[in-house]
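Please have a look at the sequence and the 3D view before reading on.

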Amino acid sequence: FTPFFLRDSCRESSHVNPISSQKLFSSGELGIPANQDIVTVEKCEIIQNSSDMDTLKVFWRDGHVSQYPENFLRRYSTVDNIKSARYGYQPFSLWNKTSISEELSPKSLIVSYDEYMNTSLGLYRTLKGLHSHGLVFLRNIPHQPINTNHISGVESLPVDNIIVERIAERIGYIKETFYGTSWDVKSIPNAKNIAYTSSFLPLHMDLLYYESPPGLQYLHVIENQAKGGESIFVDSFAAVKEVERVDKVAFEALKRVPVTYQYDNDGEYYYQSRPMVIMQRDQKVIEAVNYSPPFQGPFECHTDTEGFKDFQRGLAIFESFIEDPKNQVLLKMEENSCVIFQNRRVLHSRNEFDQMSGKRWFRGTYNDIDTFWSRLRVMARE
Ligand SMILES: [Fe+2]
């Protein structure tokens with residue numbers, strides 16, 4: 001450890017507010033030449049505690065004394081220790097149709113609503129499944145109450161009792177979007193959004209034209225009697241790994257070439273430009289994928305370069321992987337069930353359905369990914 005690191009991470013009450021845990025000085029102050037005494041060590045002592053944990057005591061030239069417990073020093077002693085101390089860095093499982101079918105059981109990625117809502121274990125199991133595979137199914141949800149307008153006959157959900165919002169709030173705060181705190185997926189005439197029609201919806205992620213697209217998406221199946229309309233889910237991280245395995249140059253291009261996403265409709269104009277593959281800072285692990293053909297805008301980069309050809313090859317490998325039924329989970333979602341999935345990892349789509357054959361009504365909502373990570377880290381620590 002450098003003197004700078006130790007002084008900068010001192011946790012004494014003069015340096016960090018013990019109530020708010022906010023740092024009370026700027027790291028910049030330690031770099032000023034006039035402040036050299038602050039980052040100069042006069043002497044160190046090791047204090048042996050009755051427990052196994054020793055404490056390092058550092059006496060600084062400016063008179064301040066800092067103490068560092070052994071577990072703190074161990075945690076920050078290697079890059080691997082830093083990572084493993086935070087849940088989000090644990091490895092996740094890539095999947096295809098065969099490998100995930102073994103996990104689609106009440107022991108793993110299927111959780112009962114009651115267990116999820118009312119037990120810590122049920123919630124923790126759901127969070128771990130969302131981290132490892134990116135999707136979990138909740139079953140046996142109580143029937144969603146529905147209000148019917150006496151004059152028009154139009155059905156709607158009671159604003160104070162929308163079950164999917166309660167499900168999402170169990171993990172964290174809801175991410176509100178221009179669709180509201182939650183939204184219906186049912187067919188309506190002259191739909192502006194492709195999700196509101198009965199036609200086939202290709203594999204995609206939601207709201208990539210937002211600066212921070214939703215991390216988790218929830219789809220609660222209220223009614224599903226229409227013929228067709230099966231849901232399809234694919235692990236985009238596995239598809240990216242396949243691109244990397246087959247064509248390394250193309251994989252590099254997917255990390256670089258910007259793709260435009262926009263929603264320019266109905267008095268709204270959302271826009272973002274981002275590459276398909278985002279890596280964690282160590283460049284070894286995938287952090288997120290951006291793939292949503294229905295919401296893509298025109299390319300704004302040169303499309304006549306070698307680099308763009310590399311991107312196109314990568315995209316073709318990616319698409320042939322995700323469109324292969326061997327890599328897809330295809331299922332007709334049960335009424336009173338809810339799927340939760342990582343929107344930046346698991347692609348979703350829906351087969352065409354016959355509007356005349358019966359009702360189909362899903363209700364959806366989102367969380368930011370941060371609230372998910374926060375809940376998971378806290379529960380893992382407990
Ligand atoms: Fe969607």
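**Reading the fold**

Q: How many of the contacts with a separation of 6 or more join residues 24 or more positions apart?
A: A contact means heavy atoms within 4.5 Å. In this protein, 72% of the contacts with a separation of 6 or more are between residues 24 or more positions apart. Please keep in mind that this is a predicted model, where local features need pLDDT of at least 70, side-chain atom pairs count only at pLDDT 80 or more, and totals for chains, interfaces and linings use all residues. Residues are numbered from 1 along each chain as its sequence is written, and side-chain values use heavy atoms, with hydrogens and water left out.

Q: What is the order of the three strands in the open sheet?
A: Strands of a sheet pair through backbone hydrogen bonds, either parallel or antiparallel. Two strands count as paired if DSSP finds at least two bridges between them. The order here is β1-β2-β3, with antiparallel pairing. Because β1 (41-47) and β3 (65-69) each have a single partner strand, they stand at the edges, and one side of each is left without a neighbour in the sheet. From one strand to the next, the twist averages 20 degrees, using lines fitted to C-alpha atoms (for helices over the stretch in contact) and angles from 0 to 180 degrees between N-to-C directions. Six antiparallel bridges link β1 with β2 (residues 55-60), and I47 has T55 of β2 as its bridge partner.

Q: Is strand β21 buried or exposed?
A: Buried means under 20% relative accessible area, exposed over 50%, and partly exposed in between (1.4 Å probe, protein chains only). Of the 382 residues in the protein, 45% are buried. Eight of the eight residues of β21 (residues 360-367) are buried, so this strand is largely enclosed by the rest of the structure. R360, F362, G364 and Y366 point one way, while W361, R363, T365 and N367 point the other.

Q: Which strands pair with β21?
A: β8 (residues 183-185) runs antiparallel to β21 and is joined to β21 by three bridges, with W183 partnered by G364. β10 (residues 216-224) is also antiparallel to β21, over eight bridges, and Q217 stands opposite Y366.

Q: Which residues touch the most other members of the largest nonpolar core?
A: A nonpolar core is a set of buried Ala, Val, Leu, Ile, Met, Phe, Trp, Tyr and Cys residues joined through side-chain atoms within 4.5 Å. Y116, I167, Y218 and F318 touch the most other members in this core of 83 residues. Helix α10 (residues 306-322) gives the largest share, six residues. Apart from this core lies another of eight residues, including L6, V58, Y68 and F72.

Q: What are the protein donors of the iron ion?
A: Donors are N, O and S atoms within 2.8 Å of the metal (3.2 Å for Na, K and Ca); water is not among the atoms, so sites may look incomplete. Here the donors are H204 (NE2), D206 (OD) and H348 (NE2), lying 2.2 Å from the iron ion. Their spacing in sequence is H-x1-D-x141-H, and both H204 and D206 are buried.

Technical notes:
Helix = DSSP H or I, 4+ residues; strand = E, 2+ residues; numbered from the N terminus.
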